[in-house]
Amino acid sequence: MSTQFDQVSVIKKANLYFDGKCVSHTVLFADGSKKTIGVIFPSSLIFNTAAAEVMELNAGKCKIRLKDESAWNTYEGGQQFNVPANSSFEIETLETLDYVCHFV
C-alpha cells in the first residue's frame with residue numbers, strides 16, 4: 001500500500017458524517033478517479049454505498065458486517081476490505097480508524 005498520493009487535488013471542505021464521528025476529505029486524481037481519506041472515531045455506524053469500495057486501513061481496529069451477512073469480521077491497520085456497489089456495511093470502530101476509501 002502506498003504511503004502518499006502524488007499530483008492530486010484535495011477538496012478543502014471536510015465531509016462530516018454521523019455528527020462528526022466520521023471525517024474525510026476527497027482526493028481527486030488527474031484520470032478523473034477519486035478517493036476519500038479520513039478517520040472514524042470509536043462508534044457503531046451503518047454506511048450505504050453507491051459505488052463499490054475498497055476500504056484500506058492505515059491504523060486502528062474495527063469490526064465489519066456486510067449487508068446480508070451474519071458474521072462480523074475484524075480488521076486493523078495494514079488490512080483492507082471490499083464493499084459491493086449499492087450495498088451497505090455496519091462498522092464498529094474499536095480504535096480510531098485512519099482509512100482510505102478507494103472507489104472502484
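**Close-up views of a predicted model**

View 1. Cysteine 62 counts as buried because its relative accessibility is 0% (buried means under 20% relative accessible area, with a 1.4 Å probe and protein chains only). Cysteine 101, at 3% relative accessibility, counts as buried too. A search of the whole structure turns up zero disulfides (a disulfide is a pair of cysteine sulfur atoms within 2.5 Å). For cysteine 62, the nearest cysteine sulfur belongs to cysteine 22, 12 Å away. For cysteine 101, the nearest is that of cysteine 22, at 9.3 Å.

**View 2. Asparagine 15 and its neighbours.** Asparagine 15 sits in strand β2, residues 15-17 (strands are DSSP runs of E, at least two residues, numbered from the N terminus). Leaving out residues up to four places away in sequence, asparagine 15 touches Cys22, Val23, Ser24, His25, Thr26 and Thr36 (contact means heavy atoms within 4.5 Å).

**View 3. Strands around the largest pocket.** Which strand gives the most to the lining of the largest pocket? β9 does, with four residues. Strands that each supply at least two lining residues include β4 (34-40) and β6 (53-66).

**About the model.** This is a predicted model, in which local features need pLDDT of at least 70 and side-chain atom pairs count only at pLDDT 80 or more, while totals for chains, interfaces and linings use all residues. Residues are numbered from 1 along each chain as its sequence is written, and side-chain values use heavy atoms, leaving out hydrogens and water.

Conventions. Buried means under 20% relative accessible area, exposed over 50%, partly exposed in between (1.4 Å probe, protein chains only).
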